Amino acid sequence: MAAQPQNQVLLLLVMSTIISMVVVVEGASWCVARSDASNQALQTALDYACGSGADCTPLQSNGLCFLPNTIQAHASYAFNSYFQRKAMAPGSCDFSATATIAQTDPSYGSCVYPSSVSTAGGTITPTTQTSNNPTTPTTTTTTTPANGGSGGLTPGLTPPFPDNSKASLEYMISSILVPLSILLVLTLTFQPM
């Protein structure tokens, strides 16, 4: 009979661990360029984002997020910077339908994508803007890939490097541990006495 309270304590411990892991994984989102957006549309939206409050300093030739030097990669960083600085306000991740919300951290190498207003380096207050659909470039700055191509090293929304980001690792761990924890709980709960 003494084993029953131990099972209940273990059950509570496992369930609280599962809940805390799920909250961490679902706690952040990033705004990234859509893989099906044209380079021209991405360039227009990139110019808009950089001219309207995004921190595009890391995209400069000596910046941590300059490489890969593609429109897709630079637009993703700029879109996310704008999105985070607008406190993820509704409509702040649209850019004429060239952007989408991602639940996986797109950071790679030394290029870290902000995941909140505080990490985006800004204090811009949320706006009531319902969309950010640029129709003309705000600046005349263009980004041309160093390799002479038209950009887009990867057709998806993932970086061109292995994704070793903390958010991805937490997702993988929770996707493995949750079913195992449930199996453990069920085994302990229905164990014959």
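Student: Which helix has the lowest mean pLDDT among the elements of the protein chain, and which element has the highest?

Tutor: For the protein chain as a whole, the mean pLDDT is 72, and 55% of the residues reach 70 or more. Over residues 124-131 the pLDDT is below 50, although the model gives this stretch 14 contacts beyond near neighbours in sequence, and it also stays under 50 over residues 136-171, with 63 contacts beyond four places in sequence. Where pLDDT is low, the predicted coordinates should not be read in detail. Among the elements, the lowest mean, 54, belongs to helix α1 (residues 3-26), and the highest, 97, belongs to α2.

Student: Which element gives the largest share of the largest nonpolar core?

Tutor: This core has 27 residues, and those with the most contacts inside it are Cys 31, Leu 42, Ala 49, Leu 59, Phe 79 and Phe 95. Two or more residues come from each of β1 (30-33), α2 (39-51) and α3 (71-85). The largest share is seven residues, and the element that supplies it is α3.

Student: How many residues of α3 are buried?

Tutor: Helix α3 has 15 residues and reaches 21 Å from its first C-alpha to its last, close to the 21 Å expected at 1.5 Å a residue. Just after α3, Ala 87 takes a positive phi of about 55 degrees. The helix itself is mostly covered, and its buried residues number 15 of 15.

Student: Is the disulfide of Cys 31 and Cys 93 left-handed or right-handed?

Tutor: The pair links distant parts of the chain, with Cys 31 in strand β1 and Cys 93 in the loop between α3 and β2 (99-102), 62 residues apart. Cys 93 is buried, with a relative accessible area of 13%. Since the torsion about the S-S bond of Cys 31 and Cys 93 is about 90 degrees, the disulfide is right-handed.

Student: Is Cys 50, which forms a disulfide with Cys 56, buried or partly exposed?

Tutor: The sulfur atoms of Cys 50 and Cys 56 lie 2.0 Å apart, and the torsion about their S-S bond is about -95 degrees, so this disulfide is left-handed. Cys 56 is buried, with a relative accessible area of 11%. Cys 50 has a relative accessibility of 29%, and therefore counts as partly exposed.

Student: How many residues apart in sequence are the parts that the pair of Cys 65 and Cys 111 ties together?

Tutor: Cys 65 and Cys 111 form a disulfide with sulfur atoms 1.9 Å apart, and with 105 degrees about the S-S bond their link is right-handed. Both Cys 65 and Cys 111 are buried. Because Cys 65 lies in the loop between α2 and α3 while Cys 111 lies in the loop between β2 and α4 (166-189), the pair ties together parts whose separation in sequence is 46 residues.

Student: What pattern do the disulfides of the protein chain follow?

Tutor: The count comes to three disulfides. With bonded cysteines counted along the chain, the pattern is 1-5, 2-3, 4-6.

Student: Is the pair of Phe 79 and Phe 95 stacked or edge-to-face?

Tutor: The model has five aromatic pairs by the rule used. Phe 79 lies in helix α3 and Phe 95 in the loop between α3 and β2, so this pair ties together parts that are 16 residues apart in sequence, and both Phe 79 and Phe 95 are buried. With ring centres 4.2 Å apart and planes at 5 degrees, which is under the 30 degrees that sets the class, the pair of Phe 79 and Phe 95 is stacked.

Student: Which residues form one aromatic cluster with Phe 95?

Tutor: Tyr 82 and Phe 95 form an edge-to-face pair, 5.2 Å centre to centre with 70 degrees between the planes, and both of these residues are buried. Tyr 82 lies in helix α3 and Phe 95 in the loop between α3 and β2, so the pair ties together parts that are 13 residues apart in sequence. The residues in one cluster with Phe 95 are Tyr 48, Phe 79 and Tyr 82.

Technical notes:
Residues numbered from 1 in each chain as written. Predicted model: local features only at pLDDT ≥ 70, side-chain atom pairs only at ≥ 80, totals over all residues. Heavy atoms only, no water. Core = buried A, V, L, I, M, F, W, Y, C linked by side-chain atoms within 4.5 Å. Buried < 20%, exposed > 50% of the residue type's maximum accessible area, 1.4 Å probe, protein only. Helix = DSSP H or I, 4+ residues; strand = E, 2+ residues; numbered from the N terminus. Disulfide = S-S within 2.5 Å. Expected span 1.5 Å × (residues − 1). Phe/Tyr/Trp six-rings, centres within 6.5 Å; stacked < 30°, edge-to-face > 60°. pLDDT = per-residue confidence, 0-100. Contact = heavy atoms within 4.5 Å.
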